[in-house]
Amino acid sequence: MEEEYDKLQKDLKENGQDHLMKFKDTLPKHQQQLLINDLRNIKYAKINLAFEKTMAEANTMQKKDEKLQPVPPEQVGSVIGAENQNNVTDWRNKGLQAISEGKVAVLLLAGGQGTRLGVDYPKGMYNVGLPSGKTLYQLQAERILKLQELAYEHTGEKATIPWYIMTSEHTMDETKEYFQEHNYFGLQKDDVILFEQHTLPCLTLEGKIILDQPGKVSRAPGGNGGLYEALHEKKLIDKMRGCGIEYVHVYCVDNILVKMADPVFIGFCMAKSAECGAKVAEYSEISEELQHKRNPDGKLTFREGNICNHFFTIDFLEKIVKELEPSLKYHIAKKKIPYVDDSGNRIVPDAPNGIKLEKFVFDVFEFTENFAVLEVAREDEFSPLKNRQGSATDSPETACRDLLNLHHNYIIKAGGTFVDSTKDSPSLCEISPLLSYAGEGLEDVVKGKEFSATKTIHLKPENKEVKDGELPRKKVKEG
């Protein structure tokens, strides 16, 4: 034991991280041992190298903007506009067929903490204020249930859609307990698979590992690109293959409008023989110059951005997980990270004082030989929940508004009318995912009926409780 301790001290000193032992002797014996065990598991030379390379590459971001090229048009499809609807129908049917054959899984990236949102629990448990009071997790679970039903109706073959949920050490326990308490929202327990991604030490702007407390290293999830290392460690690709999975839809937890395992998207990527695909919408963080660049036809050259909504074949994921993951580069996220000062006091900073090293799920795009992009309308498919209540954008209020407005439009398209609707008044109309996945099947419920845009409307199946594996009935209750 003493030899191992000496080796640790030498390792810390050689890598400029010996400050991590500064308060060891002030700790109780059991806490000293916990600290030592934690420090032994950190690969200091690897962390230092990652910091140096990432900081150097961060200075070349402007040059990357200059090299940016649009996706070739033959790799792009769209669901927007009447001229695309025949393709959309074909893609949808193809996707429903794959779902009914048990070939499709969904994978949720839910490892991040709700710091910006201002909560100390997983984002998926957040209630944005819908009439139903449903959380993001419940909405997503019910969309999966409905999609299973739609696939069964289309083919006569019944299959489930496994739901893989990647958490972190900060979100795993609460997420697991939450699903257990709510009986997995009607999904079969074995079809909800939780697994944990690794965390990485947080660093100062000079590359020193931060102590969160005298006996504890500050850690954070290593970005949603930590997915690939986690899949490898848990051998989940092999398990997916064993279940017959061929296609995986990957998405982030905070998009309230997300369509998990969207059959249109799945079918589109299959039709393109793509091994990797992305949905895009009007959403961009590129330079001002590129935002205004136009094609000869007058359309913006870079008019859509990645909304973290991806398709992968199981073959492509296996190649990434088993061969290419180590070559993925880190990115820097500057954060306000609590730290221990020279006197051992824990300080919560008012401004960013450190960095988190992150990998992103889309970093693997460069390795694909067959990439496909599907253009979707932002108002239909993308409304992220990132900022705390009262924020002007990406807040609980905007997420709630966008979902209710989408449901308002579903009713109009299905033949319903709103007698007191105005352009500026927010809708109060919610449609349960158990009744409609994406606006389909509402004609019998709303066609020819009048609704008030100023009164709360919640359309849902009559049987609100769904047992494991049971398909919801068609009867509808308005509440």
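These legends accompany an overview and several close-up views of a predicted model.

**Figure 1. Overview of the protein chain.** The predicted chain has 479 residues, 51% of which are buried. Its secondary structure consists of 15 helices and 22 strands. Of the contacts between residues at least 6 apart in sequence, 75% link residues at least 24 apart. The accessible surface is about 23,700 Å², with carbon and sulfur atoms contributing 47%.

**Figure 2. Packing of helix α5 against helix α10.** Helix α5 covers residues 85–100 and helix α10 covers residues 263–271. Because angles of 65 to 115 degrees count as roughly perpendicular, α5 is described as roughly perpendicular to α10. On the α5 side, the contact involves Val88, Trp91, Arg92, Lys94, Gly95, Leu96, Ala98 and Ile99. The α10 side supplies Pro263, Val264, Ile266, Gly267, Phe268, Met270 and Ala271. By class, the residues of this contact are eleven nonpolar, two polar and two charged.

**Figure 3. Crossing of helix α5 and helix α6.** The axes of α5 and α6 cross at roughly 100° and come within 9 Å. Helix α5 is therefore roughly perpendicular to α6. From α5, the residues in contact are Arg92, Asn93, Leu96, Gln97, Ile99 and Ser100. Their partners in α6 are Leu147, Leu150, Ala151, His154 and Thr155. The contact of α5 with α6 comprises five nonpolar, five polar and one charged residues. Arg92, Leu96 and Ile99 of α5 take part here and also in the contact with α10.

Figure 4. Val79 is located in the loop between β1 (76–78) and α5. With a relative accessible area of 22%, Val79 is partly exposed, because the buried class is limited to values under 20%. Leaving aside residues up to four places away in sequence, Val79 touches Asn84, Gln85, Val88, Val264, Leu374, Glu375 and Val376. Two of these neighbours, Val88 of α5 and Val264 of α10, also belong to the contact between those helices. Val376 is 297 residues from Val79 along the chain, yet the C-alpha atoms of Val79 and Val376 are separated by 5.7 Å.

**Figure 5. The aromatic pair Tyr137 and Phe179.** The structure contains 15 aromatic pairs. In the pair shown, the ring centres of Tyr137 and Phe179 are 5.0 Å apart and the planes stand at 55°, so the pair is tilted. Tyr137 belongs to helix α6 (residues 136–155) and Phe179 to helix α7 (residues 172–181), so the pair ties together parts 42 residues apart in sequence. Tyr137 is buried, at 0% relative accessible area. Phe179 is likewise buried, with a relative accessibility of 0%. A single aromatic cluster is formed by Tyr137, Trp163, Tyr178, Phe179, Tyr184 and Phe185.

**Figure 6. Surroundings of Ser436.** Ser436 sits in the loop between β19 (429–431) and α15 (443–446). Its relative accessible area is 5%, so Ser436 is buried. Not counting residues up to four places away in sequence, Ser436 touches Lys146, Ile431 and Leu442.

Note on methods. Residues numbered from 1 in each chain as written. Predicted model: local features only at pLDDT ≥ 70, side-chain atom pairs only at ≥ 80, totals over all residues. Heavy atoms only, no water. Axes fitted to C-alpha atoms, helices over the stretch in contact; angles between N-to-C directions. Helix = DSSP H or I, 4+ residues; strand = E, 2+ residues; numbered from the N terminus. Parallel < 35°, antiparallel > 145°, perpendicular 65-115°, else oblique. Contact = heavy atoms within 4.5 Å. Nonpolar A, V, L, I, M, F, W, Y, C, P; charged D, E, K, R; others polar. Buried < 20%, exposed > 50% of the residue type's maximum accessible area, 1.4 Å probe, protein only. Areas by Shrake-Rupley, 256 points an atom, 1.4 Å probe, with all protein chains shown as cover. Phe/Tyr/Trp six-rings, centres within 6.5 Å; stacked < 30°, edge-to-face > 60°.
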